[in-house]
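Hi,

Here is the structure I said I'd pass on.

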Amino acid sequence: MTALAGSAAPSLAPRLGLKPRHFVVAALLVIYPLAASPFWTVQIGAQILFLGVIALSLMFLAGYGGMVSLSQMTVAGCAGYMIAVIGTNSYNLGLGWPWWATIPAAIAIGTIFAVLIGIISVRTGGIYTIMITLAIGVAFFYFTRQNYAIFNGHSGFAGLQPPVLFGVSWRDPLPFYYLSLAVAALSYGAVLYVSRSTFGISLQAIRDNARRMNALGFNVNLHRVVAHGFAGILASLGGILYVWLNGRVSPGTIDIGPVINILVIAVLGGLRHPIGPFIGAALFVLLRNFAIDLIDPERFNTLIGLTFLIIVLISPDGLLGLWERARGWARSGGSAAGWRQKQG
Amino acid sequence: MRLFLLTIMNGLTLAALYFLVASGFTLVFGLMRNVNLAHGSLYLLGAYIGYDTADATGSWFLGVAAGFLSMSVAGLLLQIGIFRHMVGQELRQTLVTIGISILLADLMLAVWGGKTYQFDPPDWLYGAIRLPLVRAYPIYRLALLGTSIVIGIALWLFLNRTRIGMMIRAGVDDRAMLSASGVNTQRVFAITFALGAGLAGFAGVVGGTALSIAPGEDVRYLLASLVVVIVGGMGSVTGAAIGALLIGLAEQLGLAYSPTYGVVFTFLIMVAVLAIRPQGILGRPA
């Protein structure tokens, strides 16, 4: 028995593809807040981590499932709204459930919402998914803005915060950063793990050839709906962190701008590997905070729109694709063929 | 009874506007498989340019022409400059249109600001007309309905009775075969894109006159186009007309009888159609 247990433990690291550099990055992320100011810890660090988690849910759907869903921020916003509706908020409009019931309920409702979106959108495939999920996202935005019974209409909810647990106020910079880091690490690990599971392999096979998988007896639509559900859990987690940091949730949280931003983040980083969304989020958050030094802060969208356009035009696989191409170029001794090699 | 008729009339005129916007969207999609998510931006940009032209020249009709022409040229430039270099890469094309829409929305905000603009249509289009049962109804909206029907018929004739229309329809069915029979498909694509984008700009001025133009309208009409073509069937102009009718009527009836949940009705129609006919009412399976 001991031999079995012993052989199982070390096999996990190679199974997740862990290499020494991963541990270096992890160690750097853990000691990062010790060297950084609270602004850098929360507004930059934690923000990158949870935006990355929401974008990661899109990367999972798009990269492994071939379904580019624009409603991931909508799912995140739904879970965030549930934190306010089920828990407590400053308008005293919440149901006032304790934190240990609110958080799982919010994640569950966000996930159910994602599954419903999945059931609707897998009726058609490919490029249609973008249109349907965008329509769902915008419709949900208009709905929350007009609905006062549940979503409190235009003003939304304020006064949301994580619970005080074990004597720690989780909204303080350091705890909030580590909370975000833990969620991001778990999500990243979960996506890597699922992508190598039987389910993940089947999902990627469905992405490549749905008809053949159907003929082999796989339930194609069920796989896709489950993928939406799994991505829904990730998006809900990210959404809850999002509203905890901002302290409020309103229709503006799930407006077309934030919805598109998640796509921008995922595509900027690259949809091929789960690290992509975090790289994209880092670029996005840094640009948003420091673009003021470059251009008029009002024109941030022009900058991000241009950056997005340039990346999409020169590298369909985002920054990750650029990196791989640069590596191919370096290996081939600087020839043009090496640059093109990874273009695919 | 009067409220009901008035609502139906409003629904019809809104449907007319939706058809104008969505027909261009569905035309481009049907031929090039390009989901142009910048279509709403073309609508709003056409409206702004039309407004400036009408303001400078004092002629509303010149404004309409400017809206159509400027967006046709913009569409032509987009097709020739960007999309023809990524034929067959549907996702990439769509992502590019998203980038363009982000960029355009922000640049339009920079140039025209957050103000709401209102057109001045010619006097004879202004005011109300007496109709049986509904009593007074704005002439302009009736003119909009008429224009939309005329354009719908013209579009049908263009697609079904002209040589270029024939090429476009052949391209929708089989692009490779059309190309193999010696047709310059890039030219057909460019014409279609110019026409689709021009229709968006035209709708911008005409629709902006019926309602108003302000930031955010681009998203509204993008959503309308999306839902209309999802319901009507992608790539079918007749489908766009049916979809526009359903959505326009549902939106106005919802607004009149259940204001809070107006959006939900349009959404439910979309879900119902997807559940029964995933390819849309007149769409063909991909």
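Contact here means that the C-beta atoms of two residues, placed from the backbone, lie within 7 Å. In chain A the corresponding share is 72%, again among contacts between residues at least 6 apart.

Before the rest, some housekeeping. This is a predicted model, where local features need pLDDT of at least 70 and side-chain atom pairs count only at pLDDT 80 or more, while totals for chains, interfaces and linings use all residues. Residues are numbered from 1 along each chain as its sequence is written, and chains are lettered from A and ligands numbered from 1 in the order in which they are written.

On to the overall make-up. Chain B comes to 11 helices and 2 strands, in the order α-α-α-α-β-β-α-α-α-α-α-α-α from the N terminus. Chain A has 15 helices and 4 strands. Both kinds of element are DSSP runs numbered from the N terminus: H or I over at least four residues for helices, E over at least two for strands.

The C-alpha atoms of chain B fill a box of roughly 60 × 50 × 35 Å along the principal axes. Its radius of gyration is 19 Å, which agrees with the value near 19 Å for a compact globule of 286 residues; that radius is taken over C-alpha atoms, and the globule rule is 2.2 Å times the number of residues to the power 0.38. Buried residues make up 52% of the 286 in chain B and 45% of the 344 in chain A. A residue is buried if 20 or more other C-beta atoms lie within 10 Å of its own, exposed if 12 or fewer, and partly exposed in between.

Where the chains meet, each of A and B puts in 31 residues. On the chain A side, α6 (127-146), α11 (256-269) and α13 (300-314) each supply at least two residues, with the largest share, 11 residues, coming from α6(A). By class, that side has 23 nonpolar, 6 polar and 2 charged residues. Nonpolar covers Ala, Val, Leu, Ile, Met, Phe, Trp, Tyr, Cys and Pro, charged covers Asp, Glu, Lys and Arg, and the others, Gly among them, are polar.

In chain B, the axes of α2 (residues 39-57) and α3 (residues 60-81) come within 7 Å and cross at roughly 140°. Axes are lines fitted to C-alpha atoms, for helices over the stretch in contact, and angles run from 0 to 180 degrees between N-to-C directions. α2(B) and α3(B) are therefore oblique to each other; under 35 degrees is roughly parallel, over 145 roughly antiparallel, 65 to 115 roughly perpendicular and the rest oblique. The residues of this contact divide into 12 nonpolar, 7 polar and no charged.

In chain A, α12 (residues 275-290) and α14 (residues 318-331) pack at about 105° with axes 8 Å apart, so they are roughly perpendicular. Gly276(A), Ile279(A) and Gly280(A) meet Gly318(A), Leu319(A) and Leu320(A) there.

Last, Gly243(B) sits in α10 (residues 237-257) of chain B and counts as buried because it has 32 C-beta neighbours inside 10 Å. Its C-alpha is 4.7 Å from that of Val228(B), 15 residues away in sequence.

Cheers
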